[in-house]
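Welcome, and thanks for taking a look at this one with us. Please open the structure below, and then we can walk through a few of its features together.

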Amino acid sequence: MNAATPVRRKLKVATTSLAGCFGCHMSFLDIDERILDLVELVEFDRSPITDIKHCSPDCDIGVIEGGVCNAENVHVLHEFRKNCKILIAMGACAINGGLPAQRNSLDIRDILAAVYAQPGRGVHVPNDPEIPLLLNEVHPLHEVVKIDYFLPGCPPSGDAIWTFLTDLLAGRTPTLGHGLIHYD
Amino acid sequence: MPNASSNGATAGDRAVIEAVLVRHGGDAVRLMQILREVQEELGWLSPATLTAIADGTGLPRARVEGVAGFYHFFHTEPLGRYRVLWSDNITDRMLGSSDLMARMCKKLWLKPGQVSEDQLVSVDTTSCTGMCDQGPALLVNYRPVTRMTAERVDQIVDLIRRKIPLDDWPAEFFAVEDNIRRRDALLDGGLAPGDALRALRSPQETLDAIKASGLRGRGGAGFSTGQKWEFCRNAVGSGANPAHYVVCNADEGEPGTFKDRVLLSSCADLVFEGMTVAGYVVGARKGLVYLRGEYRYLLEPLNAALERRRAANLLGKSILGRIGFDFDIEIHMGAGAYVCGEETALLESLEGKRGVPRKRPPFPVTNGFLGQPTAVNNVETLASAALIAVRGAAWYKAIGTAKSSGTKLLSVSGDCARPGIYEYPYGVKVEQVLADCGARDTQACQIAGASGLCVAPAEFKRRIAFEDIPTGGSFMIFDNSRDMFAVARNFAHFFVDESCGFCTPCRVGTTLLKNAMDKINDGHGGEYDINDIWRIIRTLKTASHCGLGQTAGNCVADTLQKFRPSYELRLNVHDFEPAFDLDKALSKMREVTGRDDPGAHFHIAHRKSKSGIGTKAGDPA
């Protein structure tokens, strides 16, 4: 058996935004100078912060903002699930589909027809293979892959993200409690 | 067993065995003491020795070997002239015991568990030795050595190599501190030997006082002491030798607890006095202390204390001149078995058998030691009873909370500035204890030992009391630098070592749990194993014969809930299947764009190939 004190290596953290607005990532930056403490504990892998395009195979924690609205989102989400030991759904869209999921009450074909209708010339929906196809419905992350933790908020506050991540890095099950998730 | 002595004991050995048998009258009930005393003289229990003891006690040889094989501290193989056992509690590990033991093994050219070729020494681990406040600790030939350091390891290696007898080792090696940090009603009791006995009125009045005081069992279960004594008092002895007994459970084996050790070191008279009060109430003439094998070093001082009490007529016939108040106490040594802390296993052990828990009911109060009515109480309970006999029920009831009268001794160890014994009135908050002992950056407390409750910071306002967190007294502290998975894994290993093996759910379940924890630790674990762990814990809890198995999964369950990431960071498989067909989720877009290129489909090759379907994408709807 190993000793109770683990050898501390820096944990690899990857982040991405799928069908989100990057608001959660902006809120993440609200941890302000604590990001300097954070980089003592973690190394950022694939993330808008680093501009690394793909996850290393040995990521520890993946933080994902936004739900799943198109084929590319699915591929990215699969890549995160495959390479991260712990996956976190961050923010309302990742957890519930959020604003993008408002389209779920309508048929995607009707929406596209309305958007791309050209008076007198019918409907021409862009079909370039470069453009990822939209899913019939927007899904929260946990309907597509297994999600380990949910960090609610629209967006979650910087303090909530900080508490959540530091708990997680220390091996504690994160508990946010009053002021971070309960406000009454 | 290929050994010289297997063909028959030597004349010298036979003389030793004979002397011990005579001392115990060849009484089979005293088999544990016979085995221990013979082993202390001869070093181990050879096949010939076991045969001689079987002959001398009239027991079947298989029974004798069965008992010798059950207890960790009996050995049926030679284990060297010096037997070093490192305490393997998590608190010892946190103080660096693993590295120190590796250093010792390296210097002695040994592997753990191996006996040196010259039969001089063996080094191994043992369950918590109750020195958590002054670890890392070890036992050399069952004598405790505390505060191990690299320097002390080197000194001990040198002493062993030079074959210096233990009695000539530096006395400070064997120093055991009490480390009492906070005193309250019990430790500040200020009672002189005999005070409680002089204060006794009739047995019924004493019983009424104990009942009115609200005293509850301090071992952790919290059964009403007055009720237990009343049941025992009202039960009728049976058979040829009807009698009542009082048993003091000093088999303090729960990892992290050591308060009984301190009570027996510093307040032995109070404990014996409590036993005598109990004997007076239930009508017993004999009391037995079941002292855990790890506390062997206390045997002589305790026997001396008993002698003093006999000389002062506080034990023996007509105590303090009261005609008919006869009571004496004997100390029975255990031999390294955690399960004997369970009262019925303890009774079996007292009767010279393997420590396998009995079925309950009948309870010990009606069918205890030798089938007679027996009151089995924790050390601290008995000491508290003596205090109540003097100070009265009302005084005692005023201390603590509504359902938890009096005070509780906590054995505080782990990450804090001042480990030791803290006595508080019941109702003290966890955070208060942490503040008083100088704990900082605490991420968890393991309360009530390996079988107890793991408490996270959000719960630090909870209270030590039967209403909230009941405990036998173990209070282990873990700061932010600790890995709670490693803590739980240490406990999982502990229960494998200590399961008595009688019932399958516990014998197999504890090992399955250990295997799952090891698998996760080695990086081969997945979500499946987490699910499996929950299943194993459920079976342990619902199907085990006694409390050992029922609580063996507690710490893993608690840490899985409260420190789950420490598990997840070790997992490498995350299987999940969506409840809908991903490829069909693109159907409408394929329809309106007319696309059917690879980018318009999901190829989930790994999933399909697993089921042998191949890697072809699903049909477009």
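Two residues are in contact if their C-beta atoms, placed from the backbone, lie within 7 Å. Please keep in mind that this is a predicted model.

**Domains**
- Chain B is divided into domain 1 (4-70), domain 2 (82-174), domain 3 (181-397), domain 4 (484-572) and domain 5 (578-621).
- Between the C-alpha centres of domain 1 and domain 2 of chain B there are 28 Å.

**A four-stranded sheet**
- In chain B, 4 strands form an open sheet with mixed pairing, in the order E2-E1-E3-E4.
- At its edges are strand E2 (121-126) and strand E4 (143-145) of chain B, each of which pairs on one side only.
- From one strand to the next, the twist averages 25°.
- Strand E3 (residues 138-140) of chain B runs antiparallel to E4(B), and 3 bridges join them; Val140(B) has Arg143(B) in E4(B) as its bridge partner.
- Helix H6 (residues 97-107) of chain B packs on this sheet and touches strand E1 (82-87) and E2 of chain B. The direction of helix H6 makes about 160° with that of E1(B).

- You will find Val365(B) in the loop between helix H14 (343-350) and strand E9 (374-378) of chain B.
- Is Val365(B) buried or exposed? Val365(B) is buried, because 23 other C-beta atoms lie within 10 Å, and the cut-off for a buried residue is 20 or more.
- Leaving aside neighbours within four places in sequence, the contacts of Val365(B) include Lys228(B), Phe231(B), Cys232(B) and Ala235(B), as well as Pro373(B), Thr374(B) and Ala375(B).
- Val376(B) is 11 residues from Val365(B) along the chain, and their C-alpha atoms are separated by 7.8 Å.

Terms used
Residues are numbered from 1 along each chain as its sequence is written. Chains are lettered from A and ligands numbered from 1 in the order in which they are written. This is a predicted model: local features need pLDDT of at least 70, side-chain atom pairs count only at pLDDT 80 or more; totals for chains, interfaces and linings use all residues. Helices (H or I, at least four residues) and strands (E, at least two) are DSSP runs, numbered from the N terminus. A residue is buried if 20 or more other C-beta atoms lie within 10 Å of its own, exposed if 12 or fewer, and partly exposed in between; C-beta atoms are placed from the backbone. Domain bounds come from an automatic or database domain assignment. Two strands pair if DSSP finds at least two bridges between them. Axes are lines fitted to C-alpha atoms, for helices over the stretch in contact, and angles run from 0 to 180 degrees between N-to-C directions.
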